[in-house]
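Student: Hi! I'm new to this one, could you walk me through it?
Tutor: Happy to, let's look at it together.

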Amino acid sequence: MNDKRHDWTRGVYAITDAQLLPSDRQLIEACRAALNGGLALLQYRDKSGDLSHRLRQALALAMLCRNYSVPLIINDDLALARRLRDDGYAGVGLHLGQEDGSLRQAREVLGPEAIIGATCHARLDLAERAADEGASYLAFGRFFASKTKPEAPPATLDLLAEAARFGLPRVAIGGIDIDNVSQARNAGAELLATVHGVFGGEDPETPVRELNARLNSTYS
Ligand SMILES: Cc1ncc(COP(=O)(O)OP(=O)(O)O)c(N)n1
Ligand SMILES: Cc1ncsc1CCOP(=O)(O)O
Ligand SMILES: [Mg+2]
């Protein structure tokens with residue numbers, strides 16, 4: 001991470017989706033537009049299982065994010081995050097769900113500076129364990145109906161206030177869009193993560209700017 005001024009702990013956290021962005025060109029152009037709108041974090045989320053495809057796309061996104069001083073978060077894949085950091089992309093981090101391996105081990109592999117996020121669903125016990133194992137942020141949700149993961153377990157917004165005790169940035173995820181982003185923010189989320197809220201339309205820059213307009217005045 002080469003720009004100490006970028007505060008990744010608050011704002012819009014966009015997550016890519018291969019169904020919405022099927023080609024390399026669509027992925028890069030959409031992420032460039034979203035970054036122009038002002039992202040706190042960008043996550044590359046690929047479920048193809050094609051490791052060469054994943055490496056090619058992740059390298060392109062790591063180059064792009066470095067130009068904007070925005071950390072790129074790799075979903076699921078510790079080896080890929082490690083490869084990118086070893087290749088000089090110091091801002092690259094990792095997001096781990098409950099089925100994606102040990103956060104403690106990921107912290108040992110990636111070192112103390114890497115951003116490593118954890119899925120906590122609607123459970124404070126998972127948040128406590130993740131915090132103990134070295135998580136950089138805690139993700140809760142889904143709070144609203146999700147087009148991307150309708151099957152994700154539901155959570156209620158009061159959970160976010162309870163999660164303040166861990167002293168880590170709180171991420172809200174699941175159906176986050178311009179109509180409910182203020183609700184999630186006012187409930188305590190510092191980071192607002194979304195797939196369709198940013199990449200579901202034609203031009204990602206506009207929704208990111210609109211989300212930021214709702215959020216910026218709420219941070220002291
Ligand atoms: C910021 C953020 N929060 C939650 C998730 C979900 O992770 P996970 O439960 O591992 O599910 P998949 O996204 O891997 O299908 C996330 N990716 N990012
Ligand atoms: C990855 C993930 N984890 C819980 S909900 C979700 C999907 C978020 O996508 P959307 O913002 O389109 O609901
Ligand atoms: Mg996962």
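Tutor: Let's start with a pocket: the largest one is the space taken by ligand 2. This is a predicted model, where local features need pLDDT of at least 70, side-chain atom pairs count only at pLDDT 80 or more, and totals for chains, interfaces and linings use all residues. Residues are numbered from 1 along each chain as its sequence is written, chains are lettered from A and ligands numbered from 1 in the order in which they are written, and side-chain values use heavy atoms, with hydrogens and water left out.

Student: Which residues surround ligand 2?
Tutor: Among them are Arg 45, Thr 148, Lys 149, Gly 175, Thr 194 and His 196, each with a heavy atom within 4 Å of the ligand.

Student: And how far is Thr 148 from an oxygen atom of ligand 2?
Tutor: A polar side-chain atom of Thr 148 is 2.6 Å from that oxygen. For Gly 175, a polar backbone atom lies 2.8 Å from an oxygen atom of ligand 2.

Student: Switching topic, where does ligand 1 sit?
Tutor: Ligand 1 is in the largest pocket. 14 residues surround ligand 1, and the closest are Arg 45, Lys 47, Asp 100, Thr 119 and Lys 149.

Student: What lies 2.7 Å from an oxygen atom of ligand 1?
Tutor: A polar side-chain atom of Lys 47 does. Asn 75 also has a polar side-chain atom 3.0 Å from an oxygen atom of ligand 1.

Student: How many nonpolar, polar and charged residues are in the shell around ligand 1?
Tutor: There are 4 nonpolar, 5 polar and 5 charged.

Technical notes: A polar contact is a pair of N or O atoms within 3.5 Å; within protein, one must be able to donate a hydrogen and the other to accept it, and residues adjacent in sequence count only if both atoms are side-chain atoms. On a 1 Å grid over the protein atoms alone, a cavity is a set of points where a 1.4 Å probe fits but cannot get out, and a pocket is an open set with protein on both sides within 12 Å along at least five of seven lines; lining residues have an atom within 4 Å of a point. A molecule sits in a cavity or pocket if more than half of its atoms lie within 2 Å of its grid points. Ala, Val, Leu, Ile, Met, Phe, Trp, Tyr, Cys and Pro count as nonpolar, Asp, Glu, Lys and Arg as charged, and the others, Gly among them, as polar.
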